[in-house]
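Student: I'd like a close look at one part of this model, please. Take your time and walk me through it.

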Amino acid sequence: MNQQTILVTGGAGYIGSHACIELLQAGFNVVVVDNLCNSKTEALSRVQQITDKTLTFYQHDIRDKAALADIFAKEAISSVMHFAGLKAVGESCEKPALYYHNNVYGTLVLTEVMAEANVKQLVFSSSATVYGECGCTQYAENFPLGPINPYGRSKAMVEDILRDLSAADTINQAKSPWKIALLRYFNPIGAHESGLIGEDPNGIPNNLLPYIAQVAIGKLTQLSVFGNDYPTPDGTGIRDYIHVVDLVKGHIKAIATLEGDAFGPGGCKAYNLGTGRGYSVLEIIDTFQKVTGQAINYKIAPRRAGDLAECFANPELALKELDWQAEKNLADMVADTWNWQTKNPQGYMQ
Ligand code: NAD
Ligand code: UFG
């Protein structure tokens, strides 16, 4: 059994809670720090119920340096999975300073505390949104970056900071250099197969799958399909949807890779986490209807500002270097989304 302790920032959130399950099941000790600004402790109770294991929870903001340092003093942390952050693109345009403060400054505080505690292994939640528009559809890690909203820029800034920290180790000939994996997620959907944990968005969802699920269960009346005049086979937007459990398995592989000889003594590398296959909005609706037997009421609406026609991952580097690839198909993702939705029509609010 692996008795290493992993600090999971944002561990009560959608992806972080699924990561806690995989970590506990893989035999790691798990310490969560979360300020609960977009989550509930019920998610962590259910993680413990599913795994029949316990984790340690600290309710703090990662920008609270003293509180964070105290966690590192108390717990024998070996690596950090850093999920804590704000993620709503629209809100980031209205409140950019909040996003930079939370996502960028928060990561600076975290890395300062980590360096002081000499814990220098980090897996960071980045996003496909860091890529610039390049006229292409399939994105590889060496493509130019060029995010188009404050949320995306906050992720790109953090990536720059982490690359710089790693580069400085070479200049300074650091004895224990940073080992950092920047994981660029494509479109995480789905839920744990138990249906006990899943995505619990506040208010009306922005993202496609939670919206469809709420139409199917009758909380919302109609889905708007944003544009059917894109240069794609059926005219609707194409994305690379990835099951959240596959995604978090990529994080466990990343930790193992950072510790392995192949990664080298230190460094900072980006990896796409996607399936490498895209589906259109109409294909998603069709699969949802077939898998769940629920009719989805939808209409064609104008395009949404800032949306690309098509975006999917080149996942080859993650296969080669992390020994990871997505295993679940779209029907699994839809079935698990629906299982979570039907078992928890009000999310974590009972
Ligand atoms: P989420 O909102 O469900 O989880 C984020 C968690 O971080 C929440 O529990 C929240 O309370 C916590 N948090 C936020 N700011 C904090 C702070 N300053 N201190 C302590 N805790 C804080 O989001 P998620 O979907 O689980 O996303 C996790 C990470 O993955 C985020 O960094 C997000 O930007 C990134 N990401 C998500 C997606 C996606 O589609 N879900 C795509 C790409 C990248
Ligand atoms: N869509 C609709 N109707 C909706 C919602 C979405 O037609 O009500 C369409 C969009 O136009 C797009 C597709 O469904 O073509 C997917 O949209 P999402 O909002 O679910 O996902 P995005 O690809 O726009 O963005 C998501 C996250 C970003 C993240 C990105 C890549 O919201 O934060 O994936 O990881 F950066």
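Student: Which helices and which strand each supply at least two residues of the shell around ligand 1?

Tutor: They are helix 1 (14-25), strand 5 (121-127) and helix 6 (150-171). (Helices are DSSP runs of H or I with at least four residues, strands are E runs of at least two, and both are numbered from the N terminus.) Before we go in, note that this is a predicted model, in which local features need pLDDT of at least 70 and side-chain atom pairs count only at pLDDT 80 or more, while totals for chains, interfaces and linings use all residues. Residues are numbered from 1 along each chain as its sequence is written, chains are lettered from A and ligands numbered from 1 in the order in which they are written, and side-chain values use heavy atoms, leaving out hydrogens and water.

Back to our three elements: strand 5 gives the most to the shell around ligand 1, with three residues. In total there are 27 residues around ligand 1, and the ones that come nearest are Ile15, Asp34, Asn38, Ser39 and Tyr151. (To be near, a residue needs a heavy atom within 4 Å.) Sort the shell by class and you get eleven nonpolar, eleven polar and five charged residues. (Asp, Glu, Lys and Arg are charged; Ala, Val, Leu, Ile, Met, Phe, Trp, Tyr, Cys and Pro are nonpolar; the others, Gly among them, are polar.)

Now zoom in on some polar contacts, meaning pairs of N or O atoms within 3.5 Å. The backbone of Gly13 has a polar atom 3.2 Å from an oxygen atom of ligand 1. In Tyr14, a backbone N or O atom is 2.8 Å from an oxygen atom of the ligand. On its own, ligand 1 has 830 Å² of accessible area, and the protein covers 95% of it. (That area comes from the Shrake-Rupley method with a 1.4 Å probe.)

Next, see what packs against two of those elements. Helix 1 has helix 2 (residues 41-51) as a partner: their axes are 10 Å apart, at an angle of about 30°. So helix 1 is roughly parallel to helix 2. (Axes are lines fitted to C-alpha atoms over the stretch in contact, and angles run from 0 to 180 degrees between N-to-C directions; under 35 degrees counts as roughly parallel, over 145 as roughly antiparallel, 65 to 115 as roughly perpendicular, and the rest as oblique.) Helix 1 and helix 2 make a right-handed crossing, where the near helix is turned clockwise from the far one by less than a right angle.

Helix 6 pairs up with helix 5 (residues 96-116): their axes come within 9 Å and cross at roughly 20°. That is why helix 5 counts as roughly parallel to helix 6. The crossing of helix 5 and helix 6 is right-handed.

One last stop is ligand 2, which has 20 residues around it; Ser127, Phe186, Ser224, Arg239 and Asp307 come nearest. For this shell, strand 9 (residues 223-226) gives the most, with four residues. A side-chain N or O atom of Asn187 is 2.9 Å from an oxygen atom of ligand 2. Taken alone, ligand 2 exposes 690 Å², and the protein buries 87% of that.

Notes
A polar contact is a pair of N or O atoms within 3.5 Å; within protein, one must be able to donate a hydrogen and the other to accept it, and residues adjacent in sequence count only if both atoms are side-chain atoms.
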